[in-house]
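Please look through the sequence and the model shown here before reading on.

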Amino acid sequence: MDISLTGELGDFLRSRRARIRPEEVGLPGHGRRRVPGLRREEVAQLAGVSVDYYIRLEQGRGPSVSDAVLDAIGRVLRLDDTEQQYLRTVARPAARRPSAAGPAPQKVRPGLRLVLDTMEKAPAFVLGRRMDVLAWNALGDAVVGFSQMPPEERNMPRQVFLNPQARELYPDWPAVAAETVAYLRLDAGSHPRDKRLATLVGELSLGSEDFRRLWADHQVKEKTYGAKRMRHPVAGELTMPYETLTVSGEPDQLLVVYTPEPGSQTADRLALLASWAASPAV
């Protein structure tokens, strides 16, 4: 499967047109419509650009487009801040010439590994490009089991969609799946020529109907903070708030830290899990 930058721009705009009802923007909703949502002509009119200009933009044939035009289109399509930034990214990709040898493997700085190890009461790990898991601390490993996975399987989308145990681990699996795809789509927009990402998307599409459906929705979302429920085979039910921080100097790396409330049932169960994981095997 190829990740086409030109195709992504058009697909993204069409998906956002489809979700806006004409009545929401003051247009009559009656009459025969061949497509759901707004027509291209209507978007152009509301954004204050010519129909031909908008059509060429949606087809990826337009000239360099200004912030003012993209902002106007974003207002018409009611894009949120993340979607607006994504529109700018796919409409004006940075001119990057891929290396013949491909991108260098990502590495985690020794200092960041030390930071992970100091978080004894908080499961934590580092995500890189394509949501590959690059490093983790002991409690993060006890919760998710990264060290038990083959290196090529240490990837969050692969675990969510291709690991049969994922639906047991995440009681709210549909929400976790949607969040995972939305962030992977965001990463794809910033790195459209990443062959490893294209291969991953192809594998997930072949292996999971749910992934194909969610990928086709073109949702984009930052991974910032939230909460996940987990059903751990040893610790039981866990409610895991999390915070996601961009690693300084490494914009393609994220530090994900689960932050259970002190004194909560989850914190107590994680303490027991840490003791169990640290016990020598008999």
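## Cavities

A search of the whole structure finds two cavities of 30 Å³ or more, where a cavity is a set of points on a 1 Å grid over the protein atoms alone at which a 1.4 Å probe fits but cannot get out. The largest cavity holds about 90 Å³ of space, a volume being the space filled by probe spheres set on the points, which are joined across faces, edges and corners.

This is a predicted model, in which local features need pLDDT of at least 70 and side-chain atom pairs count only at pLDDT 80 or more, while totals for chains, interfaces and linings use all residues. Residues are numbered from 1 along each chain as its sequence is written, and side-chain values use heavy atoms, with hydrogens and water left out.

## Lining of the largest cavity

The residues that line the largest cavity include Phe125, Leu127, Met156, Val160, Val176, Glu179 and Thr180, lining residues being those with an atom within 4 Å of a point. Strand E1 (124-127), helix H8 (156-162) and helix H10 (173-190) are the elements that give two or more residues to this lining, and H10 gives the most, with three residues. Helices (H or I, at least four residues) and strands (E, at least two) are DSSP runs, numbered from the N terminus.

## Contact of H10 with H11

In the contact between these helices (heavy atoms within 4.5 Å), Leu184, Asp187 and Ala188 of H10 meet Leu197, Leu200, Val201 and Leu204 of H11.

Conventions
On a 1 Å grid over the protein atoms alone, a cavity is a set of points where a 1.4 Å probe fits but cannot get out, and a pocket is an open set with protein on both sides within 12 Å along at least five of seven lines; lining residues have an atom within 4 Å of a point.
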